[in-house]
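Me: I would like to learn how to read a model of this kind with some care, taking one feature after another. Could you give me the general idea each time and then the case in hand?

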Amino acid sequence: MIERVIEEWHAYLRGQLPGGLDQLLDVDVVFYSPIVFTPQMGRAVTRLYLEAARQTFPGDPTPEDGGPDGGPAAGAGPAGGSFRYTKSVMSGDTAVLEFETTLGGKYVNGVDIIRCNDQGRIVEFRVMVRPLQAVNLIHEQMAATLERMGSTG
């Protein structure tokens, strides 16, 4: 089941999942942020954080995007960029996806830990990021993105 969920996650990142996050997320999903101490409960808040991350995490432009040098593009973000998954481990109801990107010229490395239920919906989404400079930068950029999203929608 987790393999299909991860295929749908990648389709969402490419903008190719018709139902979007509502198709993927269970109503009682729990989101664990690398920035916010407490778990975030429910589909609406998880959707908000994941949409903001999708806008923040494309990373710096790559040569393929016509931007500065920055490694191979993943095409995961809506604007391309340097974000890419580099490893995945899937077992049972859980996947661990390692990612890399560059934000503001800083290297970012982390993992998404995704757990699904028997209905193929994500019930837990946990993000871990390193190094500390990256965590601080992501905090700044995510806050700005969430503020923009709040003022436009």
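Predicted model: local features only at pLDDT ≥ 70, side-chain atom pairs only at ≥ 80, totals over all residues.

Me: How many helices and strands does the protein chain have, and in what order do they run?

Reply: There are 4 helices and 6 strands, and from the N terminus on they run α-α-β-β-α-β-β-β-β-α. Of the 153 residues, 43% count as buried. Among contacts between residues at least 6 apart in sequence, 44% join residues at least 24 apart.

Me: In what order do the strands form the sheet?

Reply: Strands of a sheet pair through backbone hydrogen bonds, either parallel or antiparallel. Here 6 strands form an open sheet in the order 2-1-6-5-4-3, and the pairing is mixed. Strand 2 (40–41) and strand 3 are the edge strands, each pairing on one side only. The parallel case is seen between strand 1 and strand 6, which are joined by 4 bridges, and there Tyr32 has Arg126 in strand 6 as its bridge partner.

Me: Which strands pair in the antiparallel sense with strand 4?

Reply: Strand 3 (residues 84–91) pairs with strand 4 in that sense over 7 bridges, and strand 4 is in turn joined to strand 5, also antiparallel, by 10 bridges. Strands 3 and 4 form a hairpin with 2 residues between them, and Gly92 in its turn has a positive phi of about 60 degrees. The hairpin of strand 4 and strand 5 also has 2 residues between the strands, and in it Gly104 takes a positive phi near 55 degrees.

Me: Which residues have the most contacts inside the largest nonpolar core?

Reply: In soluble globular proteins, nonpolar side chains tend to be buried together. The largest nonpolar core here has 36 residues, and those with the most contacts inside it are Trp9, Leu24, Ile122, Phe125 and Val129. Several elements each supply at least two residues of this core, among them helix 1 (2–13), strand 1 (25–32), helix 3 (43–56) and strand 6 (122–130). The largest share, 7 residues, comes from helix 1. Leaving aside neighbours within four places in sequence, Trp9 is in contact with residues including Leu21, Leu24, Leu50, Tyr85 and Phe125.

Me: How many aromatic pairs does the structure hold?

Reply: A pair of aromatic rings is described by the distance of the centres and the angle of the planes. The structure holds 7 aromatic pairs, and ring pairs link Trp9, Tyr12, Phe31, Tyr49 and Phe125 into a cluster. Two arginines also have their charged ends over rings: that of Arg54 sits over Tyr12, 5.0 Å from the ring centre, and that of Arg126 over Tyr32, 3.8 Å from the ring centre.

Me: Is Val127 buried or exposed?

Reply: Val127, in strand 6, counts as buried because its relative accessibility is 12%, below the 20% cut-off. Beyond four places in sequence, the contacts of Val127 include Phe31, Tyr32, Phe99 and Val111. Val127 and Ile113 are 14 residues apart in sequence, yet 6.4 Å apart in space, C-alpha to C-alpha.

Me: And how does Met128 count at 42% relative accessibility?

Reply: Met128, found in strand 6, counts as partly exposed because 42% falls between the limits of 20% and 50%. Not counting residues up to four places away in sequence, Met128 touches Phe99, Asn109, Gly110, Val111 and Ile113.

Me: Where does Pro131 lie?

Reply: Pro131 lies in the loop between strand 6 and helix 4, and a cis peptide bond, with omega about -15 degrees, joins Arg130 and Pro131.

Notes. Residues numbered from 1 in each chain as written. Heavy atoms only, no water. Core = buried A, V, L, I, M, F, W, Y, C linked by side-chain atoms within 4.5 Å. Buried < 20%, exposed > 50% of the residue type's maximum accessible area, 1.4 Å probe, protein only. Contact = heavy atoms within 4.5 Å. Pairing = 2+ DSSP bridges. Phe/Tyr/Trp six-rings, centres within 6.5 Å; stacked < 30°, edge-to-face > 60°. Lys NZ or Arg CZ within 6 Å of the ring centre and 35° of its normal.
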